[in-house]
Amino acid sequence: YFRVKNFVPETFWSIKVMHQQDDVDVKFTWRRNHLFDRMAVVILYERCLVAKTAKVVKMQKKPTRKWKPLPLTTVELQKMGSRYLRMDSQRVMKIAEDLYTKGWISYPRTETDQFDKGMDLRALVSKQTPSQPWGAFASNLLAGAFNAPRAGRNNDKAHPPIHPVSFVAPTALTDEERRVYEFVVRRFLACCSEDAQGESTTVEILYGAETFHTHGLIVLARNYLDVYPYDKWESSQQLPAFQMGEVFVPTEAKMTEGQTSPPGYLTEPELIGLMDANGIGTDATMAEHIAKIKERSYVETRSRSGRVNAIDDADTSNAAARGGRGGRGGRGRGRGASTATTGRPGTASNSTMQEFIPTTLGVALVEGYDALGFEPSLSKPFLRKEMERAMKAICAGTTTRREVVQQSLEQYREVFVRTTVRIEVLKASFRKYVLGQNG
């Protein structure tokens with residue numbers, strides 16, 4: 001929110017090189033990407049033009065692959081579900097629990113991303129052969145294409161990764177149930193398939209004293225991608241047969257100008273990923289935490305297609321400022337992405353992706369907490385992270401429930417008392433952002 005609210009675009013310059021060979025237009029990317037000093041780019045660009053010819057200094061072809069997904073955990077289900085299934089993480093979990101109680105999928109609350117060696121995965125695959133959309137793929141796995149799933153690093157020793165346990169016809173499910181069930185099945189079948197195989201080509205040229213490069217990809221075997229449309233890996237245009245040391249005059253070389261753009265709003269998959277990385281919530285509570293901040297009107301959600309391109313700093317209404325992360329400069333002037341992002345490879349389109357917009361109440365609360373000057377700040381995740389770590393310690397037997405409860409009560413009681421003493425700081429923030437009063 002603050003990074004975008006205070007974002008100031010900066011102009012940058014770059015050099016673009018294009019060469020046509022064998023009826024293929026090859027676009028080369030400048031190794032420096034772009035610079036913020038126009039005169040420096042002008043000098044480098046003129047040196048390229050003076051050189052006239054470019055030389056191929058690297059020509060590399062090598063096999064490459066796109067790894068098949070890991071077995072499905074609760075956190076991953078929430079992230080992927082909110083990204084692809086057009087429902088929030090709390091709804092995804094509710095539907096998954098319903099599918100579990102009906103006997104269609106395994107227990108949906110698990111941190112485990114590795115199947116036990118004793119599980120008969122082929123038997124589970126065979127149950128999916130009656131399906132019209134993915135039955136043929138399942139049959140092919142049983143005919144010899146089966147490949148053992150990758151093993152992740154997590155095993156809670158309680159439940160296996162989320163997987164289908166029975167086949168159910170789509171007509172027996174509601175629309176939301178069908179979407180969640182289909183995702184679980186396709187993820188499982190993808191885990192039992194092989195990685196996608198391809199060949200990548202990298203060409204590097206020296207033009208003047210500057211280095212430019214281009215990259216090509218040919219997908220040779222889609223494998224798991226045939227059943228898992230949530231991942232994207234497409235062949236790019238095949239590159240011409242450049243030769244090492246080859247010298248040519250580029251068809252086109254030009255200097256371009258652009259502007260940095262602010263970071264985007266935080267989406268639910270990104271928020272879940274950040275919560276997971278910072279130890280906030282568990283696989284069973286993350287969706288509830290997110291639902292709670294919406295219920296308390298600290299944030300609102302809207303489709304990414306509702307994004308605005310301009311910010312009125314005088315307007316602090318719910319949709320006035322664009323939330324986000326990234327870029328440099330924190331709450332001040334900084335550089336962000338070099339181009340505006342309208343979509344991401346392998347993610348849902350803007351029309352279905354939900355992003356969080358902080359409300360004036362949410363902004364007032366965070367600003368008020370920061371103004372209190374407490375360490376650790378109440379607006380940061382550290383207190384919650386410490387509590388989550390303490391609860392894990394109870395499970396590990398290194399501490400007791402009584403000790404953790406007593407410690408947490410003392411910690412939060414102290415915070416409450418100190419906040420009560422300085423309650424006027426919070427009230428001032430509320431008046432400023434919610435009521436629009438500076439006095």
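In the predicted model, N223 is found in the loop between β5 and β6, where helices (H or I, at least four residues) and strands (E, at least two) are DSSP runs numbered from the N terminus. The phi of N223 is near 50°, a positive value in a residue other than glycine, and N223 is partly exposed, with a relative accessible area of 21%; buried means under 20% relative accessible area, exposed over 50%, and partly exposed in between (1.4 Å probe, protein chains only). A positive phi is also found at D23, near 65° in a residue other than glycine. D23 lies in the loop between β1 and β2 and counts as exposed, at 75% relative accessibility. Most residues other than glycine have a negative phi.

Residues are numbered from 1 along each chain as its sequence is written. Because the model is predicted, local features need pLDDT of at least 70 and side-chain atom pairs count only at pLDDT 80 or more, while totals for chains, interfaces and linings use all residues, and side-chain values use heavy atoms, with hydrogens and water left out.

The chain holds 13 helices and ten strands, and 41% of its 439 residues count as buried. Among contacts (heavy atoms within 4.5 Å) between residues at least 6 apart in sequence, 79% join residues at least 24 apart.

Seven strands form an open sheet in the order β6-β3-β4-β5-β2-β1-β7, with antiparallel pairing, two strands being paired if DSSP finds at least two bridges between them. At the edges of this sheet stand β6 (247-248) and β7 (252-259), each with a single partner strand, so one side of each is left without a neighbour in the sheet. Within the sheet, strand β4 (residues 196-207) and strand β5 (residues 210-221) run antiparallel and are joined by eleven bridges, with T211 in β5 as the bridge partner of L206. Helix α2 (residues 38-51) packs on the sheet, touching β1 (11-21), β2 (24-30), β4, β5 and β7, and its direction makes about 170° with that of β7; axes are lines fitted to C-alpha atoms, for helices over the stretch in contact, and angles run from 0 to 180 degrees between N-to-C directions.

A further open sheet, of three strands, has the order β8-β10-β9 and antiparallel pairing. Here β8 (266-267) and β9 (299-303) stand at the edges with a single partner strand each, so one side of each is left without a neighbour in the sheet. The antiparallel pairing of β9 with strand β10 (residues 354-358) extends over five bridges, and S303 stands opposite Q354 in β10.

Two packed helices are described by the angle between their axes and the distance between the axes. The axes of helix α4 (residues 89-101) and helix α7 (residues 175-191) come within 9 Å and cross at roughly 85°, and α4 and α7 are therefore roughly perpendicular to each other; angles under 35 degrees count as roughly parallel, over 145 as roughly antiparallel, 65 to 115 as roughly perpendicular and the rest as oblique. This contact is made by R91, I95, A96, D98 and L99 of α4 together with E176, E177, V180 and Y181 of α7.

For helix α8 (residues 268-277) and helix α9 (residues 286-295), the axes come within 11 Å and cross at roughly 120°, which makes α8 oblique to α9. The contact involves E268, L271, I272, M275 and D276 of α8 and M286, H289 and I290 of α9.
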